[in-house]
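Work through the two exercises below with the sequence and the 3D structure open beside you. Each task is followed by a solution that goes step by step.

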Amino acid sequence: MSTTALYPGSFDPVTFGHLDIIARAAHIFDTLILAVGSHHTKTSLLPLDQRLLLLETEVAALNITNVRFITFDGLVVDAARNQGAGVIVRGLRNTTDFDYEAQMAAMNAALAAEVETVFMSASPKTGFIASSLVKQIARMGGDVSGFVPPATAQKIFEIIKK
Ligand code: ADP
């Protein structure tokens with residue numbers, strides 16, 4: 001039996017933390033679907049197409065062959081069902097993530113009992129990275145090259161300069 005997992009996120013922007021989870025999850029599951037959520041908030045930096053493009057670019061550099069990419073609008077459990085994914089992957093950095101993610105997993109289980117949420121602990125080297133802080137640092141002119149790969153850092157720089 002092959003297992004398809006869906007890793008949803010905003011990826012605004014993709015960080016070394018996301019890429020760590022992606023590489024590790026791709027080892028565990030037969031197929032990993034990277035699902036970029038379309039919801040755009042006031043604090044969003046990158047439009048959906050840019051977030052997807054950067055994610056595709058950075059994941060291509062990892063030489064992983066069992067990943068696919070989608071964008072989705074609406075419920076994560078609906079995206080999982082539509083893709084035939086029985087697992088939702090989420091990363092946990094700290095207890096704040098845990099509190100939020102555990103509640104979300106329970107709500108998703110109530111909505112779709114057949115879809116299981118699997119948590120992966122962040123790696124020590126990347127577990128402090130958050131897209132929201134990357135955005136703040138970049139907007140204040142800081143160097144984000146320790147948190148995101150070069151192509152993503154360059155794109156963020158171009159968007160902020162405009
Ligand atoms: P969302 O808006 O869905 O939280 P994010 O792109 O911020 O989207 O995060 C997607 C997932 O990746 C979440 O499960 C989040 O906890 C996880 N994640 C984010 N940053 C890291 C990191 N540095 N290490 C491990 N997991 C992370």
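## Exercise 1: contacts of the ligand

An oxygen atom of the ligand is placed 3.0 Å from a polar backbone atom of Phe11, in what is a predicted model.

Step 1. In the side chain of Tyr7, an N or O atom is 2.7 Å from an oxygen atom of the ligand, while a nitrogen atom of the ligand has a backbone N or O atom of Ile129 at 2.9 Å.

Step 2. The ligand taken alone exposes 550 Å², of which the protein buries 85%.

## Exercise 2: the largest pocket

Task: state where the ligand sits, and work out which helix gives the most to the lining there.

Step 1. The ligand sits in the largest pocket, which holds about 1100 Å³ of space.

Step 2. Among the 45 residues that line this pocket, Pro8, Gly9, Ser10, Arg90 and Glu101 are the closest to its centre.

Step 3. Helix 4 gives the most to the lining of the largest pocket, namely seven residues.

Step 4. By residue class, the lining of the largest pocket divides into 18 nonpolar, 19 polar and eight charged residues.

How values were computed
Residues are numbered from 1 along each chain as its sequence is written. This is a predicted model: local features need pLDDT of at least 70, side-chain atom pairs count only at pLDDT 80 or more; totals for chains, interfaces and linings use all residues. Side-chain values use heavy atoms; hydrogens and water are left out. A polar contact is a pair of N or O atoms within 3.5 Å; within protein, one must be able to donate a hydrogen and the other to accept it, and residues adjacent in sequence count only if both atoms are side-chain atoms. Accessible areas come from the Shrake-Rupley method with a 1.4 Å probe; for residues, only the protein chains shown count as cover. On a 1 Å grid over the protein atoms alone, a cavity is a set of points where a 1.4 Å probe fits but cannot get out, and a pocket is an open set with protein on both sides within 12 Å along at least five of seven lines; lining residues have an atom within 4 Å of a point. A molecule sits in a cavity or pocket if more than half of its atoms lie within 2 Å of its grid points. Grid points are joined across faces, edges and corners, and a volume is the space filled by probe spheres set on the points. Helices (H or I, at least four residues) and strands (E, at least two) are DSSP runs, numbered from the N terminus. Ala, Val, Leu, Ile, Met, Phe, Trp, Tyr, Cys and Pro count as nonpolar, Asp, Glu, Lys and Arg as charged, and the others, Gly among them, as polar.
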